Amino acid sequence: MRHSARIHFRTFAAVLVSTSFCAAVFAQTSGELDTQKDFDASHTQGPGDVKEGYESKDYQTRSRSLLKRRGVKKDLIRFAQNPPLGLPPVPIPAGNPLTRSKIDLGRKLFFDRRLSINDTFACATCHIPEQGLTNNEMRTAVGVEGRSVLRNSPTLYNVAYLARLFLDGREISLENQVWQPMTSHNEMAAPSIGWVINKIRRMRDYDGLFEKAFDGAEPNILTIGQALASYQRTLLAADSPFDRWYFGNQTNAVDESVKRGFGVFSGKGQCIVCHTMQKEHALFTDQKFHNTGLGFLISFNKDSEETSKTTRVQLAPGVFVDVSNEKIKAVSQQKLPNDLGLYRVTENPNDRWRFRTQSLRNVELTAPYMHNGKFDTLREVIDFYDRGGIPNELLSPLIFPLNLSEQEKQDLEAFLLSLTGSTIPEIVADAFAAPIGDLSLEDPNWAHEETLGY
Ligand code: HEC
Ligand code: HEC
């Protein structure tokens, strides 16, 4: 099971960017990091983590190497107790009150690569801190050993408020949600829930932590979900320039273009109908499911990109080849299903291609956009809405051509860029201080066949 070099070139189609590379390099930040107390990650280097000679002059990742990962622990519970300007109170389920020890434990689990089958994949490998808790470098996610995932990794900022999770709303709580990525064959690929529980119980660095956080309870199907949910509930990003202007009445917090852009957003552009706001706060999502036509487009392969004969495939950073789509089909381990959105959950034909409205908070940081990462820039998204989406028999009646002028488009984009939360640098600094699962062979925590007890 253990390989010393984790570079997989097995399938052309899947290995757009080597996952081993991504597992080893966590986020680069554009925000300011608090470096008062440096976190030393050098001891986390293990086999497969040495990437010398792997980057080329043609390829530069925006991720930060483990050795350069620096952070300092923050007291994130404050955000959930007193949400930043622009956000409503955080709903906390009665069965899982928020405590510091649960948040700390959840954070440790979130960054721990050992929760995956081959110790390469943590939650944070796809939800990368300060790549907006998404992955800016991939349209759709890639899991263990380069396996393709159907959708784009959504941001986890402000995920605490979502009543239904995933873009088709198939999950009902953060507590439950965690088991899906952990046990999905194409994500972290743990063979079962029990396998994860067994592994955590055997890793000595978890000794006592669950017991402390959960009144003596050990790692189990409930407490693992509760800890991860607690950490995610603190990932609140608001108090943006827009919030300071609109909710905080600071006249100069944004410029005139943003103010005009808000006018387009809430007027001619009609964006506010789905990306909703309340009087004292705004999530910018109605949490409902709509058909913008994008899913339809992909389903029927009407996309020009998809109908071309070849695909440009990245074999390794900086190394590209054009491969015929026939060949890719032939070597693909799995064919991803057609993405019918909400229909997958309700089986109601009218729900085909409906996806949950995404929040617009922090969109500056969360490219590429939409459920399939179709658009690289906000301008592309705006042009898409301006054209009236993609016509299809189930297109939402709320989507129609807008006839925005160039100035209106620019202003709308300026408004979207004003929604970046001021709390983010602190969340990222805290994330960088988290251990990521020790991969050194000398380390007694190294979990492999024998230590799993088989
Ligand atoms: C291989 C990449 C990958 C890994 C690893 C991963 N996720 Fe995700 N995550 C995704 C994708 C892709 C989606 C959207 C899937 C969908 O809508 O069907 C998602 C969705 C979510 C959502 C729902 C967000 C929303 O807007 O509805 C949450 C919460 C979440 N992930 C948390 C986690 C946690 C916790 C872990 C670790 C236990 C994790 N993820 C591991 C890729 C990943
Ligand atoms: C009919 C409801 C509706 C209207 C009107 C609407 N949106 Fe959306 N928006 C959605 C849905 C649904 C998604 C998610 C689509 C997907 O994932 O394929 C979305 C996604 C987005 C995203 C991508 C967010 C991300 O993180 O990927 C942006 C940006 C966006 N909308 C901006 C706008 C703007 C700007 C307008 C007005 C011009 C607008 N929307 C109007 C429903 C709507």
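This note sets out points on the fold, helix packing, cores and backbone of the structure above.

1. Basis. The model is predicted: local features need pLDDT of at least 70 and side-chain atom pairs count only at pLDDT 80 or more, while totals for chains, interfaces and linings use all residues. Residues are numbered from 1 along each chain as its sequence is written, and chains are lettered from A and ligands numbered from 1 in the order in which they are written.

2. Overall make-up. The protein has 18 helices and 6 strands; these are DSSP runs, helices being H or I of at least four residues and strands E of at least two, numbered from the N terminus. Of its 454 residues, 46% are buried. A residue is buried if 20 or more other C-beta atoms, placed from the backbone, lie within 10 Å of its own, exposed if 12 or fewer, and partly exposed in between.

3. Helices α3 and α9. The axes of α3 (residues 100-110) and α9 (residues 221-233) come within 7 Å and cross at roughly 95°. That angle makes α3 roughly perpendicular to α9, a term for angles of 65 to 115 degrees. Axes are lines fitted to C-alpha atoms over the stretch in contact, and angles run from 0 to 180 degrees between N-to-C directions. Among the residues that meet are Leu105 and Phe110 in α3 and Ala227 and Leu228 in α9; contact requires C-beta atoms, placed from the backbone, within 7 Å.

4. Nonpolar cores. A nonpolar core is a set of buried Ala, Val, Leu, Ile, Met, Phe, Trp, Tyr and Cys residues joined through C-beta atoms within 7 Å. The largest has 55 residues, of which Phe110, Ala122, Met188 and Leu228 touch the most other members. Helix α18 (424-432) gives the largest share of this core, 6 residues. A second, separate core of 30 residues includes Val258 and Ala367.

5. Helix α11. In α11 (residues 256-266), the buried residues are Val258, Gly261, Phe262, Val264 and Phe265. They lie on the same side of α11 because they cover an arc of only 160° around the axis, taken from the directions from the helix axis to the C-beta atoms. Their cover includes α10 (241-246) and α17 (406-417).

6. Backbone points. The peptide bond from Ala367 to Pro368 is cis, with omega near -10°. Asp215 has a positive phi of about 50° although it is not a glycine, and is exposed, with 8 other C-beta atoms within 10 Å. Trp353, also not a glycine, has a positive phi of about 65°, but counts as buried, with 27 C-beta neighbours inside 10 Å.

Methods: Angles under 35 degrees count as roughly parallel, over 145 as roughly antiparallel, 65 to 115 as roughly perpendicular and the rest as oblique. Two residues are in contact if their C-beta atoms, placed from the backbone, lie within 7 Å.
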